[in-house]
Amino acid sequence: MKALYFQEHGTVNNLKFGEINEPVLDSNTHVLIRVRACSLNHLDLWVLAGWRGLELPLPHYGGADIAGEVEDPGESEVLQKGDRVVVCPGYLDGPEDEWSRAGQDSLSPSYKILGEARTGGFAEFISVPNHAVHKIPDNRSFEEAAAPLLVGLTAWRMLMTQASIKKGDSVLIVGSGGGLNSFSIQLAKSLGAQVIALTSSENKEEKSLKLGADIALNYLQKPDWSKDVIRVTEGLGADIVVDNVGAASFSHSLKAVKRGGTIVTVGNTSGPKLEIDNRYIFSKQIKIIGSTMGSAKDFDALLQHLWSNKLKPVIDQSIPLENGKEAYKILEEGKQFGKVVISV
Ligand SMILES: NC(=O)c1ccc[n+]([C@@H]2O[C@H](COP(=O)([O-])OP(=O)(O)OC[C@H]3O[C@@H](n4cnc5c(N)ncnc54)[C@H](OP(=O)(O)O)[C@@H]3O)[C@@H](O)[C@H]2O)c1
């Protein structure tokens, strides 16, 4: 089968499009999916670059967000050849532990992500456990179904399960042009929040507003943007600050959050070493909460919300698998607004 793979960790130039062995199906537990679309996440760039301790069998190909058709349902009693489906991007790969027993999958050390710990969807076929496969409504294209999976699962757990977002909360999204963050605008809005989007260009401000943000601010024009957040929240600050940018933004987020409010983080695009002035934490009595991906229960809740609220993710563009290098480049340069999807 054809895949977009790499034989050595490194830069986008290490990506190759070509023939690779097809997966072997364990039909008792697994389903073979013919991949139709798979969207790209920042994670795919980290995996391509590699990090200390990451030991993947090579060649490897990424891709966590898979939508396609069932090619071989194996022993599944609910799936049939030709069913249009998506795959949950997170899975448990190890013995049960206290976290998996409590349904807190993404807290377990054996929690893994498709395309990170094993090969993903940047290929024609993938074999996955049948319990991870969910049917999609007929009115969704494969691209629309693939785009919100990892970011949706992450945003759902981050805002709902961890930050306990409520109707009427003011929510600041730092770096709103990214794949995860642009989806978080839509999700927060659909949950009744007042959304403040912080981004880097007029064009992205406009797009954030179109997506549902109530206010858009620009962090390049106003490096001291926490003051603007305080101003637009009537001197209070935001109930919830979503900060996945890290080193470049966290000291400002501490200022922008309301007294008694919450900062939630799932990542650090600009670096992991944060500048923290502890006085903001204890005197404002804020909560700083971490979140990562989500559980099978979070994923079920997300899909239900997606399909019933007709939430459609923003697709910056869709690029064929053979030109997949271009998709990686767009994400590397941060040119996208929303998701870049690879069609297979
Ligand atoms: N732990 C988890 O479960 C999990 C899951 C998904 C993602 N993540 C992490 O979350 C982060 C976002 O992922 P993604 O796929 O959405 O990445 P992405 O599409 O590449 O978006 C990153 C965004 O960060 C913003 N940004 C970069 N530098 C900034 C700065 N100096 N100040 C403010 N904003 C800045 C930019 O926003 P603008 O375009 O608005 O300028 C950019 O679009 C990554 O670090 C990723 O690893 C973690």
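Reader: Which domains does the domain assignment give for this protein?
Author: The assignment gives domain 1, made of 2–149 + 294–343, and domain 2, covering 164–290. Keep in mind that this is a predicted model.

Reader: How far apart are the C-alpha centres of domain 1 and domain 2?
Author: The two centres lie 28 Å apart.

Reader: And how many residues of each are in contact?
Author: On the domain 1 side 15 residues take part, and they are in contact with 15 residues of domain 2. Between them the two domains bury about 1,100 Å², with 69% of that on carbon and sulfur atoms.

Reader: Which residues in domain 1 lose the most area to domain 2?
Author: His305, Leu311 and Phe337 do, and together they make up 46% of what the domain 1 side buries.

Reader: Phe337, ok. What does Val314 touch?
Author: Val314 touches Phe337, along with Gln186, Leu211, Gly338 and Lys339, if you skip residues up to four places away in sequence. Val314 sits in the loop between α10 and β16 (315–320).

Reader: How far is Val314 from Asp44?
Author: Their C-alpha atoms are separated by 19 Å, and the two residues are 270 residues apart along the chain.

Reader: New topic, strands. How do β13 and β14 pair?
Author: Strand β13 (residues 238–243) and strand β14 (residues 257–265) pair in the parallel sense, over four bridges. The chain gets from β13 to β14 through helix α8 (residues 250–256), and this β-α-β crossover is right-handed.

Reader: What is the bridge partner of Val242 in β14?
Author: That is Val264. Val264 also has a bridge partner in β15, namely Ile289.

Reader: So how do β14 and β15 pair?
Author: In the parallel sense, over four bridges, with β15 running over residues 287–290.

Reader: And β3 with β8, parallel or antiparallel?
Author: Antiparallel, over five bridges, where β3 covers residues 30–39. As an example, Leu32 has Ser127 as its bridge partner in β8.

Reader: Why is β8 described as largely enclosed?
Author: Strand β8 (residues 125–129) has five residues and four of them are buried, so the rest of the structure largely encloses it.

Reader: What about Asp83, where is that?
Author: Asp83 is in the loop between β4 (65–72) and β5 (84–87).

Reader: Buried or exposed? It's Asp83 I mean.
Author: Asp83 counts as buried, because its relative accessibility is 16%.

Reader: What does the side chain of Asp83 reach?
Author: The side chain of Asp83 reaches the backbone nitrogen of Gln80, at 2.8 Å. Beyond its neighbours within four places in sequence, Asp83 is in contact with Gly68, Glu69, Val70, Val78 and Lys135.

Reader: Let's do Gln194. Which strand?
Author: Gln194 lies in strand β11, residues 194–199. Gln194 is partly exposed, with a relative accessible area of 29%.

Reader: What does Gln194 touch?
Author: Not counting residues up to four places away in sequence, Gln194 touches Asp169, Ser170, Val171, Asp214 and Ile215.

Reader: Backbone question. What is the peptide bond from Leu58 to Pro59 like?
Author: That bond is cis, with omega near 5 degrees. Pro59 is in the loop between α1 (42–49) and β4.

Reader: Why point that out?
Author: Most peptide bonds are trans, and most residues other than glycine have a negative phi, so exceptions to either can be pointed out.

Reader: What is the phi of Glu234?
Author: Glu234 has a phi near 55 degrees, which is positive, and it is not a glycine. Glu234 sits in the loop between α7 (226–232) and β13.

Reader: And Met293? What is its phi?
Author: Met293 has a positive phi of about 35 degrees, and it is not a glycine either. Met293 lies in the loop between β15 and α10 (296–308).

Reader: Which labels do they get, buried or exposed?
Author: Glu234 counts as exposed, at 73% relative accessibility, whereas Met293 counts as buried, at 5%.

Technical notes:
Residues numbered from 1 in each chain as written. Predicted model: local features only at pLDDT ≥ 70, side-chain atom pairs only at ≥ 80, totals over all residues. Heavy atoms only, no water. Helix = DSSP H or I, 4+ residues; strand = E, 2+ residues; numbered from the N terminus. Buried < 20%, exposed > 50% of the residue type's maximum accessible area, 1.4 Å probe, protein only. Polar contact = N/O pair within 3.5 Å; in protein donor to acceptor, adjacent residues only side chain to side chain. Contact = heavy atoms within 4.5 Å. Pairing = 2+ DSSP bridges. Right-handed = clockwise from strand over helix to strand, strands pointing away. Domains from an automatic or database assignment. Buried area = accessible area lost by both parts, 1.4 Å probe.
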